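Subject: Structure for you to look over

Dear colleague,

I am handing over the structure we spoke about, and below it I set out what was found. Please read the notes with the model open beside you.

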Amino acid sequence: LASGAGGLAGPFNAMLYAPPVGHALQELGAAIRFRTELAPRVREMAILVVAQAWDSAYERESHELLGRDAGLTDSEIEALRAGEDPGFADKQEQVAYSVVRALTGPRADLDDQEYDTAVAVLGERAMFELSTLVGYYATLALQLRIFRVAGPA
């Protein structure tokens with residue numbers, strides 16, 4: 001979390017402007033990263049979709065490394081970086097991808113059929129966790145942008 005210059009890296013410096021809110025936001029981030037039932041590949045794929053949608057270099061660079069560790073292939077990561085469908089063979093991964101793409105698109109919503117399919121495949125808990133992840137990482141992308149945070153060194 002520390003930068004080479006002795007400060008905090010990424011969005012964490014900006015959180016110091018409002019420590020109570022920053023702390024609460026960081027707690028949400030910890031819950032998303034460590035206390036959901038989302039598979040690591042799904043979690044990292046979803047973060048990379050948000051990073052691409054918001055053009056967030058910091059999120060992209062940080063989570064491409066974590067995505068590889070979670071098992072995303074180079075071709076999947078390249079497709080996500082380009083905003084293209086990686087064509088996941090796993091049904092849960094493909095449905096999760098479709099949900100996140102819909103939530104980060106112009107409509108920022110699911111129609112009834114998309115929602116019903118997602119709940120049938122992923123379950124309501126995963127849908128709540130996934131939509132919370134999208135909102136959290138979109139918030140970070142916004143803060144990274146307005147506070148001019150560069151990508152990781």
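In what follows, a residue is called buried when its relative accessible area is under 20%, exposed when that area is over 50%, and partly exposed in between. By that cut-off Tyr 17, with a relative accessible area of 65%, is exposed. Please keep in mind throughout that this is a predicted model.

Aromatic pairs

The structure holds three aromatic pairs, and I describe two of them here. In one, the ring centres of Tyr 17 and Phe 147 lie 5.3 Å apart with the planes at 25°, so the pair is stacked. The two partners come from distant parts of the chain, since Tyr 17 sits in the loop between α1 and α2 while Phe 147 belongs to the segment after α8, 130 residues apart. Phe 147 is partly exposed, its relative accessible area being 38%. The other pair is formed by Phe 88 and Tyr 97, whose ring centres are 6.3 Å apart and whose planes meet at 65°, so this pair is edge-to-face. Here Phe 88 is buried, with a relative accessible area of 6%, and Tyr 97 is buried as well, at 4%.

Helix α8

Helix α8 takes in residues 124-146, 23 residues in number, and spans 33 Å from its first C-alpha to its last, which is close to the 33 Å expected at 1.5 Å a residue. Its buried residues include Leu 130, Leu 133, Val 134, Tyr 137, Ala 141 and Leu 144. An α-helix has 3.6 residues a turn, so residues three or four places apart point the same way. The cover over the buried residues of α8 includes α1 (12-15), α2 (19-34), α3, α4, α6 (91-104) and α7 (112-122). After α8 comes Arg 148, which has a positive phi, near 55°.

The loop between α3 and α4

Two residues of this loop deserve a look. Ser 56, which is found in the loop between α3 and α4, is buried, with a relative accessible area of 5%. Neighbours within four places in sequence aside, Ser 56 is in contact with Ala 51, Ala 141 and Leu 144, of which Ala 141 and Leu 144 are among the buried residues of α8. Asp 55 has its place in the loop between α3 and α4 too, but this residue is exposed, with a relative accessible area of 59%.

Positive phi values

Most residues other than glycine have a negative phi. Asp 55, however, has a positive phi near 50°, and Ala 108 likewise has a positive value near 50°. Ala 108 lies in the loop between α6 and α7 and is partly exposed, with a relative accessible area of 46%.

The cavity

How many cavities of 30 Å³ or more does a search of the whole structure find? The search finds one, and the space in this largest cavity is about 40 Å³. Its lining is made up of Leu 48, Ala 51, Gln 52, Arg 60, Glu 64, Ile 77, Leu 80 and Arg 81, and the elements that give two or more residues to that lining are α3 (40-53), α4 (57-70) and α5 (74-82).

With best regards

Terms used:
Residues are numbered from 1 along each chain as its sequence is written. This is a predicted model: local features need pLDDT of at least 70, side-chain atom pairs count only at pLDDT 80 or more; totals for chains, interfaces and linings use all residues. Side-chain values use heavy atoms; hydrogens and water are left out. On a 1 Å grid over the protein atoms alone, a cavity is a set of points where a 1.4 Å probe fits but cannot get out, and a pocket is an open set with protein on both sides within 12 Å along at least five of seven lines; lining residues have an atom within 4 Å of a point. Grid points are joined across faces, edges and corners, and a volume is the space filled by probe spheres set on the points. Helices (H or I, at least four residues) and strands (E, at least two) are DSSP runs, numbered from the N terminus. The expected span of a helix is 1.5 Å times one less than its number of residues. Buried means under 20% relative accessible area, exposed over 50%, partly exposed in between (1.4 Å probe, protein chains only). Contact means heavy atoms within 4.5 Å. Rings of Phe, Tyr and Trp (its six-membered ring) pair if their centres lie within 6.5 Å; planes under 30 degrees apart count as stacked, over 60 as edge-to-face and the rest as tilted.
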